[in-house]
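Welcome! Take a moment to look over the protein shown here, and then let us walk through its layout together.

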Amino acid sequence: MDYSHDYLIVGGGMAADAAAKAIRERDAGADVGIVGAEPHAPYQRPPLSKALWKGDKTPADIALGTAASGAALHLGRRLVSLDPAAHLLRDERGDSFRYRRLLLATGATPRRLPFAANERVIHFRTLDDYRALRGYAEPGAHIAVVGGGFIGSELAAALTGAGCRVTMVFPGAAIGAGRYPDGLAAFLDDDYRARGVTLCAGVRVADGRAGHDSVELALSDGETLRADAVVAGLGVTPDTALAEQAGLAVDDGIVVDAQLRSSDPDIWAAGDVARFFNPALDRHLRVEHEDAATGMGRHAGRAMAGALDSYDTLPFFYSDLFDLGYEAVGLLDTRLEVVEDWREPYREGVVYYLERGRVRGVLLWNTWDQVDAARALVAEAGPFDAASLRGRLPRGA
Ligand SMILES: Cc1cc2nc3c(=O)[nH]c(=O)nc-3n(C[C@H](O)[C@H](O)[C@H](O)COP(=O)(O)OP(=O)(O)OC[C@H]3O[C@@H](n4cnc5c(N)ncnc54)[C@H](O)[C@@H]3O)c2cc1C
């Protein structure tokens, strides 16, 4: 088959959905096609490790309703080649897709554990991964969660809530070490332990063996961990294969300009796969979070349909850890100068991350509706120090 669309979007995630809707808003008669490797129409990913486990939402609730954009959905197809000169892509079945303007919204792929996996080893990213994990998450089942970052810490909480026995294995000194101040990270470790999670901190998975009724992990401290299933949240790598093969500029992500256009004038990129310049932080970023996916998707869609404004948003992100939660902007990196301002230690407060007198990141811990104020602070020239920051933003709800 030979398909052709005026606007073609590769990837069927949150950035793709936002782009398709934005194109339609600007160009009512637009012919838009989306090609996605997953069999599902675009859906929200964050609930896969949160609301779906609490029973707040069902898989049907997380669908984004992309069809309303009028885009033709070509699902369950992976595009494997891109010829920018011919404006032509091919999928793995040999079908071809022509475009006038192309958006690469291919997202990111989870890093894998260093052994041959079977269905009991889940590198968590998709709705199908959620369904697979749910199948093993019987009350009393032992699930090993590998990784102490966003995905690992959220899934450990979700699985504990589902009645599973959970062991977390992660290389850092504590949950979120390097991102949260030491005291907060230690508090989180205690909180997780108190809720029944076993923590193996400072430990890596060296090897493993996936059997038909359990998985055995060989840990770097010499211990062996046996679990009914293993779920890994080891971070992701941007899915730049098509861009690289097409010769676009790639540097840990597809490099885009202020309109989110790649080094090819007819190709844009958005979401987890794109590397963009942020004026407030004065550096290039690649952000693996929802606000970037939807905001950049929308922006790229508008740009493809002729808008000329710049994407200069500093994306925010958020996470939930049992009954704690936060929103944040910028760089959360404890190698920066860290200023903590707690209303109640580790329960409600604001953490500022400073570099040479400028605020580079703000962690709003159980503190809501302050994202724009935090963004403004990051954009301010300063100079700031601990004394001028304490009390600057309201702490707590
Ligand atoms: C479990 C989980 C929880 C999360 N929680 C939060 C949160 O609490 N807060 C937050 O801010 N962010 C969160 N995120 C991150 C957020 O969901 C992502 O940043 C966002 O989904 C990225 O969207 P995207 O469209 O750029 O890429 P993706 O969602 O990765 O979508 C890309 C799609 O493109 C497809 N694709 C790739 N290559 C091809 C190809 N060659 N041909 C066809 N299709 C292709 C992929 O299969 C995929 O479906 C979470 C992510 C996960 C996985």
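Two residues are in contact if their C-beta atoms, placed from the backbone, lie within 7 Å. In this protein, residues 24 or more positions apart account for 62% of the contacts with a separation of 6 or more. Please keep in mind that this is a predicted model, where local features need pLDDT of at least 70 and side-chain atom pairs count only at pLDDT 80 or more, while totals for chains, interfaces and linings use all residues. Residues are numbered from 1 along each chain as its sequence is written.

**Overall build**

The protein has nine helices and 25 strands; helices (H or I, at least four residues) and strands (E, at least two) are DSSP runs, numbered from the N terminus. Its radius of gyration is 22 Å, close to the 21 Å from the globule rule for 397 residues, so the protein is as compact as a globular protein of that length. That radius is taken over C-alpha atoms, and the rule is 2.2 Å times the number of residues to the power 0.38. Of the 397 residues, 45% count as buried, which requires 20 or more other C-beta atoms, placed from the backbone, within 10 Å of a residue's own.

**Domains**

The protein is divided into three parts, with bounds that come from an automatic or database domain assignment.

| Domain | Residues |
|---|---|
| Domain 1 | 2-109 + 236-304 |
| Domain 2 | 112-232 |
| Domain 3 | 323-389 |

The C-alpha centres of domain 1 and domain 2 lie 30 Å apart. Their contact takes ten residues from domain 1 and nine residues from domain 2.

**Around the ligand**

Where does the ligand lie relative to domain 1 and domain 2? Both domains give residues to the shell around the ligand, so it lies between them. The ligand is surrounded by 36 residues, and the closest are Gly11, Gly13, Arg45, Gly107 and Gly271; a residue is near a molecule if its C-beta atom, placed from the backbone, lies within 6 Å of it. Among the elements that each supply at least two residues of this shell are helix H1 (14-26) and strand S2 (32-36).

**A hairpin and its neighbour**

Strands pair if DSSP finds at least two bridges between them. Strand S19 (residues 274-278) pairs with strand S20 (residues 283-285) in the antiparallel sense over three bridges, and Phe276 has Leu285 in S20 as its bridge partner. S19 and S20 form a hairpin with four residues between them, where Asp282 in the turn has a positive phi of about 55°. S19 also pairs with strand S17 (residues 254-255), in the parallel sense over two bridges; here Ile254 stands opposite Ala274.

Note on methods:
A residue is buried if 20 or more other C-beta atoms lie within 10 Å of its own, exposed if 12 or fewer, and partly exposed in between; C-beta atoms are placed from the backbone.
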